[in-house]
Amino acid sequence: MLKVKTFTQTTLALLLGLILVKLFIVFTGRINYPIFVIWSLPLLTFAPFLIKKSIKAYQSFCFILLIYFLLASIRVFGIGGLLLDTFEIILIIILFIHSMYGPRTIRNNK
């Protein structure tokens with residue numbers, strides 16, 4: 001099992017990867033910068049709480065990721081998604097599964 005510090009670093013790396021994939025989508029011109037900022041704000045507001053290793057933050061973060069999954073799945077399966085959209089939904093799924101185990105990892109290592 002991962003240590004809490006390693007788990008938190010992995011969570012933040014996945015979160016940063018998700019934001020970078022979305023930034024690449026901005027560079028392709030499919031969305032504009034204000035939409036990207038609005039899209040990124042909820043994810044970035046959870047980062048300090050995830051660093052503090054808050055169990056409630058991980059639970060709430062999973063709920064927010066479900067909303068992001070719904071939005072990404074519309075683009076991937078509905079409109080004819082591109083490769084970056086597929087990477088985005090894969091990262092959201094990985095981050096969701098990873099964040100589900102956050103409370104258990106924090107609780108077991110205290």
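I looked up R75 and D85 first: both are buried (under 20% relative accessible area with a 1.4 Å probe, protein chains only; exposed is over 50%, partly exposed in between). The model is predicted, so local features need pLDDT of at least 70 and side-chain atom pairs pLDDT 80 or more, while totals for chains, interfaces and linings use all residues. Residues are numbered from 1 along each chain as its sequence is written, and side-chain values use heavy atoms, without hydrogens and water.

I then checked the pairing. R75 and D85 form a salt bridge, with the closest N and O atoms 3.4 Å apart (a side-chain nitrogen of Lys or Arg within 4 Å of a carboxyl oxygen of Asp or Glu). R75 lies in helix α3 (residues 55–80) and D85 in helix α4, so the pair ties together parts 10 residues apart in sequence. Helices here are DSSP runs of H or I, at least four residues, numbered from the N terminus.

Next I looked at E88. It meets R75 in a salt bridge at 2.3 Å, N to O, and these two are 13 residues apart. E88 also forms a salt bridge with K22, at 3.5 Å between the closest N and O atoms. That pair joins helix α1 to helix α4 (residues 83–100), 66 residues apart. K22 has a relative accessible area of 4%, and E88 has 1%. I noted a network of salt bridges linking K22, R30, R75, D85 and E88.

Last, I checked helix α1 (residues 4–27) against helix α2 (residues 33–51): their axes, lines fitted to C-alpha atoms over the stretch in contact, are 11 Å apart. The angle between N-to-C directions, on a scale from 0 to 180 degrees, is about 175°.
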